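Welcome! Please have the sequence and the 3D view ready.

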Amino acid sequence: MSSLRDRIEGLRKAFEESARKAGDARALEELRNAFLGRKKGHVTLLFEDLKSVPAGEKREAGQLINELKDFVQEWLRQKAASGVASVSGGGSITTHGYKTEGGTDLTLPGRKRYVGTPHPLTLFEQEIERVFLGMGFTIEEGPEIETDYYNFEALNFPPYHPARDKWDTLFIKGDLLLRTHTSPVQVRVMERSKPPIRIICPGRVFRHETPDPTHLPMFMQVEGLVVDEGVTFAHLKGTLEYFLRALFGEKVKVRFRPSFFPFTEPSAEVDIECIVCGGRDAACRVCGGTGWKEILGSGMVHPQVLKNVNIDPEKYSGWAFGLGIDRTAMLALGIPEMRYFYENDLRFLRQFGTK
Ligand code: PHE
């Protein structure tokens, strides 16, 4: 036992002496190998020898060897931390004098990591929701696969009526189709609730369209519906104007234009000034040079629609609108191409939301 103790003490001294001279990373690496090397390191060999130490002394001997090992490791660690790098992988002081660890220049700037952000359309939809929630509306949802009844018939489109052609429908099977607008949710909500009703319903809609800068076969709408006693067209106009100013700013130019929908009477479409060209580009692919772009349809709920859901049109009246979210977002954000929203190009998507 005493001879083992002497050997340990001798090794500690030898280590200290060599350590004092070790000036660079290579020397430190050699030192580490000489003492801690996995096959022939001095400390490693001591552990081998431990096997032949009598049972009664094993514990103490083991402790001493461990202390030496800790001492060597700690010394090497401190030396590395203080500037002269140790370790494997060719680590050394770089030509600029920067510290390295395992061959890595610790002063290199880190790689920027991108955290995902909500999709610009999601953000825009949330903005729309915020404005309507502030006016006391609640949010409803409805299915994307609809029946002919909810998408058309209950909305006062008789079967085979030519007005159906305006909604280029994607049929599934029999009575089922992909909803062409969010208006069927009006019917579902009125069926299950009593006035006063004040809701919006955002969601995806589908049409058999050829894509171009302002049309896509799948896009998003938000439907709005108010039903109560004494509701007039003035409420419709005031609410939509307030909403559009909240979204686009006080100075935005909007116009109401007479229109037709089977489920509203009278009906109006709302155009907004073309924010992409400002009305100055006769060849603008967004507004076609007119300076205006249609963003929503609206009107007073048709008495027949109220009857279809057992609401008395003599007592109640209502107004509704359906707004194209993608198209409105394009104009709000100055994006000339609706397809960008669905191409998943990160260079586009990363410009929105928090970075
Ligand atoms: N659903 C109509 C469309 O998609 C818009 C609309 C909604 C019109 C509600 C009037 C009232 O074009």
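This is a predicted model: local features need pLDDT of at least 70, side-chain atom pairs count only at pLDDT 80 or more; totals for chains, interfaces and linings use all residues.

The structure holds 15 aromatic pairs. A pair of aromatic rings is described by the distance of the centres and the angle of the planes. Here are two of the pairs:

| Pair | Distance of centres | Angle of planes | Kind |
|---|---|---|---|
| Phe243 and Phe321 | 6.5 Å | 35° | tilted |
| Phe341 and Phe348 | 5.9 Å | 70° | edge-to-face |

Let's start with Phe243 and Phe321. Where do the two residues lie? Phe243 belongs to helix α8 (residues 233-248), while Phe321 is part of strand β12 (residues 317-324). The pair therefore ties together parts that are 78 residues apart in sequence.

Are these two residues buried or exposed? Phe243 is buried, with a relative accessible area of 0%, and Phe321 counts as buried too, at 2%. Both also belong to a cluster in which ring pairs link Phe132, Phe137, Phe243, Trp319 and Phe321.

Now turn to Phe341 and Phe348. With planes at 70°, this pair is edge-to-face, and both of its residues are buried.

Finally, look for charges over rings. Arg12 lies over the face of Phe71, 4.8 Å from the ring centre. Lys237 lies over the face of Phe256, at 5.4 Å from the ring centre.

Note on methods. Residues are numbered from 1 along each chain as its sequence is written. Side-chain values use heavy atoms; hydrogens and water are left out. Rings of Phe, Tyr and Trp (its six-membered ring) pair if their centres lie within 6.5 Å; planes under 30 degrees apart count as stacked, over 60 as edge-to-face and the rest as tilted. Helices (H or I, at least four residues) and strands (E, at least two) are DSSP runs, numbered from the N terminus. Buried means under 20% relative accessible area, exposed over 50%, partly exposed in between (1.4 Å probe, protein chains only). A charge sits over a ring if NZ of Lys or CZ of Arg is within 6 Å of the ring centre and within 35 degrees of the ring normal.
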